[in-house]
Amino acid sequence: MRSAPLTLLLSAFLCAIGCSDGGGDGGEGGTGGAGAAGSTGSATSGTGGATGGATSGTSGATTGSTGGVTTSASGTGGATSSTSTGMDGTGGGGTGGGPSTPRTRTPAASASSLREAGEKANPPILIGAAISGGGLNDNRYKSVAAAEHNYVTAENEMKWDALEPNPGQFSWGAADNIVNWARQNNMKVKGHTLVWHNQLPGWANSLSGAAAVEQAIRRHIENVMGHFKDRINHWDVVNEAVITNSDTGVGNPRMRPSVFFNALGERYLDLAFQIAREQDPTAKLYYNDYSIDALNEKADFVYEMVKGMVERGVPIDGVGFQMHIGPPNNEAGGADVAANLRRFADLGLEVLISEMDINRCGGVVTAEEQLTYYHDIVAACFSMPECTAITFWGINDGRSWLNSWSGALCNGQSSQSLLFDDQYQKKATYNRVLDALLGR
Ligand code: XIL
């Protein structure tokens with residue numbers, strides 16, 4: 001074999017020391033705007049995502065101007081967004097814009113809570129928990145929840161059956177309690193969830209005909225987002241629209257039949273995001289799903305679905321990866337999660353770990369594996385500036401939803417899936433998560 005010419009060696013060397021920083025590879029940063037940003041992004045990588053978004057068509061402009069990471073993930077746009085949306089944990093961390101733009105997240109030197117580790121990281125990252133109304137009756141639960149987290153998802157209280165039990169009649173009490181408690185404790189809230197096939201009231205499930213279903217979606221989103229306007233600016237707009245033959249995300253991925261899909265087809269997603277955007281021009285709007293955490297068939301399908309939305313200019317800001325690991329969902333190692341999150345972020349989207357727990361029931365995941373998964377998956381998200389939040393699905397093992405959910409193989413036993421034990425003491429899982437948040 002002949003040796004490479006000197007010029008090639010020289011350019012390889014220059015690349016090794018930073019050609020991706022300024023050279024417009026488009027990669028993570030250059031994809032800036034949602035939209036057909038690849039070429040635009042790479043051509044203008046110095047000016048960042050705002051440019052990418054604004055120049056990629058009407059649609060791209062919408063997402064580009066409203067999305068946090070859409071702008072923050074690239075060059076100059078990233079720097080701007082980092083200042084304006086710092087508390088969201090979305091800022092900074094651009095790529096492709098210049099040598100001074102951080103490509104990774106810098107951990108805090110030390111922290112005595114998960115929340116503090118998230119707040120002191122640069123850019124910050126939100127640390128969330130699913131909170132239940134029942135939990136808020138327990139002082140120990142409340143104090144751990146507020147000390148360790150700065151982001152709240154209502155576990156059930158903002159689902160359709162809870163908020164609109166009868167057509168056009170809304171019931172806000174339980175959700176308001178959680179939202180008000182969160183705000184008293186300086187926590188942000190993610191609304192969960194506007195459109196989902198599950199936990200629907202009977203009347204909604206039996207709607208039929210495109211007009212009736214569209215009208216119901218519109219009324220629900222308008223009322224719910226209107227009620228919480230000024231208190232909630234992060235929303236799971238559509239949840240779990242995709243199904244496979246197995247809960248692990250394997251086998252014939254396809255759009256899930258539901259009252260929404262059956263009446264409107266796949267366009268119900270675009271519709272829901274567009275209605276949500278009309279209600280709030282600056283809210284973060286997310287698609288959320290399970291068993292799309294690593295590289296598998298369902299994740300591939302959702303990737304193509306979301307990519308299509310981005311290309312059509314649907315105002316989507318990010319994707320939530322539920323990260324329910326262990327029975328009956330997928331198992332996911334850190335490297336696979338990192339590769340999967342990366343490709344979604346490269347669409348110009350935020351990525352979030354939105355419902356993490358790791359189920360030990362059924363003996364499928366060992367204690368050692370659980371620690372490794374917790375550390376490596378949190379680290380995979382933490383290392384990416386585009387990963388803006390990590391939410392755990394509950395506070396303590398005793399209250400985990402998995403304990404009583406049939407698919408989880410727990411049969412009433414503890415799923416041992418979370419970071420705190422029944423006495424609200426920190427577990428080894430907590431320490432591994434804190435390690436990952438501190439870059440250890
Ligand atoms: C779960 C709740 O934790 C349970 O209390 C309830 O009985 C069923 O729903 N994906 C989601 C969450 O998006 O809303 C689900 O929450 C868990 C799976």
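Author: Side chains of opposite charge can pair when their charged atoms come close. In this predicted model, arginine 267 forms a salt bridge (a side-chain nitrogen of Lys or Arg within 4 Å of a carboxyl oxygen of Asp or Glu) with glutamate 214, the closest N and O atoms being 3.5 Å apart. The pair links distant parts of the chain, with arginine 267 in helix 15 (residues 267-279) and glutamate 214 in helix 13 (residues 210-228), 53 residues apart; helices are DSSP runs of H or I with at least four residues, strands are E runs of at least two, and both are numbered from the N terminus.

Reader: Is arginine 267 buried or exposed, or in between?

Author: Buried means under 20% relative accessible area, exposed over 50%, and partly exposed in between, with a 1.4 Å probe and protein chains only. Arginine 267 has 42% relative accessibility and therefore counts as partly exposed, and glutamate 214, at 24%, also counts as partly exposed.

Reader: Which residue forms a salt bridge with lysine 190?

Author: The partner is aspartate 236, with the closest N and O atoms 3.0 Å apart. Lysine 190 lies in strand 3 (residues 188-196) and aspartate 236 in strand 4 (residues 234-239), and both residues are buried.

Reader: How many salt bridges does a search of the whole structure find?

Author: The search finds 19.

Notes: Residues numbered from 1 in each chain as written. Predicted model: local features only at pLDDT ≥ 70, side-chain atom pairs only at ≥ 80, totals over all residues. Heavy atoms only, no water.
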